[in-house]
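Please have the sequence and the model at hand.

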Amino acid sequence: MRYRYLLGDSRRESARLRQQARVWDPTAYALFDRLKIKRGWRVLEIGPGQGSLNLELRRRVRGPVDAVERSHAFAEGLRRRSSRDRFGHGTLWECDVIDAPLPRGAYDLIFARWVFLFLPDVEAHLRKLVAALKPGGRLAVEDYCRGTLRMVPEPPAWNDFLEADLAFFATQGGDANIGARLPALYATVGLDVVDVTPTTKVGRPGSIEWEWMTTYFLGVLARYGRLRPFTHAKAASLRRHWLAAARRRTSLLISPTVVDVVGQKRM
Ligand SMILES: C[S@@+](CC[C@H](N)C(=O)[O-])C[C@H]1O[C@@H](n2cnc3c(N)ncnc32)[C@H](O)[C@@H]1O
């Protein structure tokens, strides 16, 4: 199956990614702290999108960071933003990561946030990235375990909505629960799992967490309506419930869990 990236690179999606980064960048900074990233490390980021973490990685290595980004618009934005600090240009491959001519045995760290859930054949992608790591180098992926997602009180047809959420990623061979599968997959491709750290957010109406989840889910709800057993009518009803819930102080959204999974390449 030809891979099509589901969320695209429109201006609206760019704004959504920036909003999402404000919620989640502190979790990535904590991961970077645990990785004890050092000045001069060779680092590769997969799918930097709007690039907030690419800039942070550059600050931490005090030099350029390589990247693979399939979107031309996002790659251009990254070039623009990274020319404003003094750390120089890394190599930026503008293609799908599976097609990038990555150097072998080159990187101390490869990092990806919210890319693996979209990918078909995760094992082939992992093997490619492991080949690009130095012996002892680390792969750090932040991705979802979707199962914690809840709205309280629960709207009608919620379980059908959850099924559509998984089915959406599956249409392109992806898995929105990939975070839960990564530790076992790491072991099969020659990585020792050295850190598995979960983070789940809770949002009340008006909070940035509520706004982040609302922007994403109401943005894709019409597309989810095509995925049975969810329907357009159920999507319309959920939208009404969601907007009504936003007006009640006691409503709650519990987020999908982001899991940081770090593996170290065997020597
Ligand atoms: C959900 S966004 C996440 C962006 C960024 N990592 C972040 O955390 O904000 C996914 C990003 O991965 C890129 N992407 C998706 N599939 C890709 C692939 N196969 N190879 C390289 N980049 C990919 C998209 O263009 C997009 O920038």
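## Helix α8

The model is predicted. Helix α8 covers residues 232–245, 14 residues in total. From first C-alpha to last, α8 reaches 20 Å, close to the 20 Å expected at 1.5 Å a residue.

Five names make up the buried set of α8: A235, S237, L238, W242 and A245. Seen down the axis of α8, these buried residues fall within an arc of 165°, so they line one face of the helix. An α-helix has 3.6 residues a turn, so residues three or four places apart point the same way. Turned away from the buried side of α8 is a face that carries the exposed residues A233 and R240.

## Largest pocket

The largest pocket has a volume of about 810 Å³. Its lining counts 45 residues, and Y5, G47, W114, V115 and F118 lie nearest the centre. By class, 27 are nonpolar, eight polar and ten charged.

Helix α1 (11–35) gives the most to this lining, with six residues. β1 (43–46), α2 (52–61) and α7 each supply at least two.

## Second largest pocket

The second largest pocket holds about 260 Å³ of space. Among its lining residues are L6, S10, R12, E13, R16, Y216 and R223. The elements giving two or more residues to this lining are α1 and α7. α7 has the largest share, five residues. The lining divides into four nonpolar, three polar and four charged residues.

Notes. Residues numbered from 1 in each chain as written. Predicted model: local features only at pLDDT ≥ 70, side-chain atom pairs only at ≥ 80, totals over all residues. Heavy atoms only, no water. Helix = DSSP H or I, 4+ residues; strand = E, 2+ residues; numbered from the N terminus. Expected span 1.5 Å × (residues − 1). Buried < 20%, exposed > 50% of the residue type's maximum accessible area, 1.4 Å probe, protein only. Arc of directions from axis to C-beta. 1 Å grid on protein atoms, 1.4 Å probe; cavity = no way out; pocket = protein on both sides within 12 Å on 5 of 7 lines; lining within 4 Å. Points joined across faces, edges and corners; volume = space filled by probe spheres on them. Nonpolar A, V, L, I, M, F, W, Y, C, P; charged D, E, K, R; others polar.
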